Amino acid sequence: MSAVPRSDRASEKPAGRFRRMLDRLSTSQEDLESEELREDSQTTGCTRIDHCQDRQMVTVTGTLRTVTLRPRAGVPALEAELFDGSAALDVVWLGRRSIVGIEPGRKLIASGRVSMSHGRRVLFNPKYELRPLGRE
């Protein structure tokens, strides 16, 4: 049994709900989306991007912010920026001009070895899994 009387515990819940409601109302939409992405990363058991270190094998999840075709050394390369609410990571598929389902706003899980390129985290040719569209 708890040391707090039942009547006092009941009064705590509405105050907690009210506080959460006020916090949500006073927080920007971008902050709310970032918080949801961080929670999603935690519930799927993935590594947060801001915790990824150079040369570390990781599995990360997030939302694709941008997708661009940018040749590297004369070879086509599809580049996407993955954001998980804590930081961004570049995902690069060498030799690909497009991949069905890889588009801005799509959620995915990617696995591979992180490398640092020009001060940014990069995953080259990762294993990936597209998240269902209905989960948004």
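A: Start with Arg131. Leaving out residues up to four places away in sequence, Arg131 touches Asp40, Thr44, Thr61, Arg106, Lys107, Leu108 and Ile109. Contact here means heavy atoms within 4.5 Å. This is a predicted model, where local features need pLDDT of at least 70, side-chain atom pairs count only at pLDDT 80 or more, and totals for chains, interfaces and linings use all residues. Residues are numbered from 1 along each chain as its sequence is written, and side-chain values use heavy atoms, with hydrogens and water left out.

Arg131 lies in the segment after E6. Helices (H or I, at least four residues) and strands (E, at least two) are DSSP runs, numbered from the N terminus. Arg131 has a relative accessible area of 5%, so it is buried. Buried means under 20% relative accessible area, exposed means over 50%, and partly exposed is in between (1.4 Å probe, protein chains only). The side chains of Arg131 and Thr61 are joined by a polar contact of 3.1 Å. Such a contact is a pair of N or O atoms within 3.5 Å; within protein, one must be able to donate a hydrogen and the other to accept it, and residues adjacent in sequence count only if both atoms are side-chain atoms.

Ile102 belongs to the largest nonpolar core, which has 18 residues. Val60, Leu82, Leu89, Trp93, Ile102 and Leu123 have the most contacts inside this core. A nonpolar core is a set of buried Ala, Val, Leu, Ile, Met, Phe, Trp, Tyr and Cys residues joined through side-chain atoms within 4.5 Å. Strand E1 (57-69), strand E2 (77-83), E3 and strand E4 (107-117) each give two or more residues to the core.

Next comes Leu78, in strand E2. Leu78 is buried, at 4% relative accessible area. Its contacts, not counting residues up to four places away in sequence, include Val67, Val91, Trp93, Arg96 and Ile102. Leu78 and Arg96 are 18 residues apart along the chain, yet their C-alpha atoms are separated by 5.7 Å.

A search of the whole structure finds one aromatic pair. The ring centres of Trp93 and Tyr128 are 5.4 Å apart and the planes meet at 75 degrees, so the pair is edge-to-face. Rings of Phe, Tyr and Trp (its six-membered ring) pair if their centres lie within 6.5 Å; planes under 30 degrees apart count as stacked, over 60 as edge-to-face and the rest as tilted. This pair links distant parts of the chain: Trp93 is in strand E3 (residues 88-94) and Tyr128 in strand E6 (residues 127-130), 35 residues apart. Trp93 is buried, with a relative accessible area of 4%. Tyr128 is partly exposed, at 33%.

Asn125 is in the loop between strand E5 (120-124) and E6. Asn125 is partly exposed, at 43% relative accessibility. Its phi is near 45 degrees, a positive value in a residue other than glycine. Most residues other than glycine have a negative phi.
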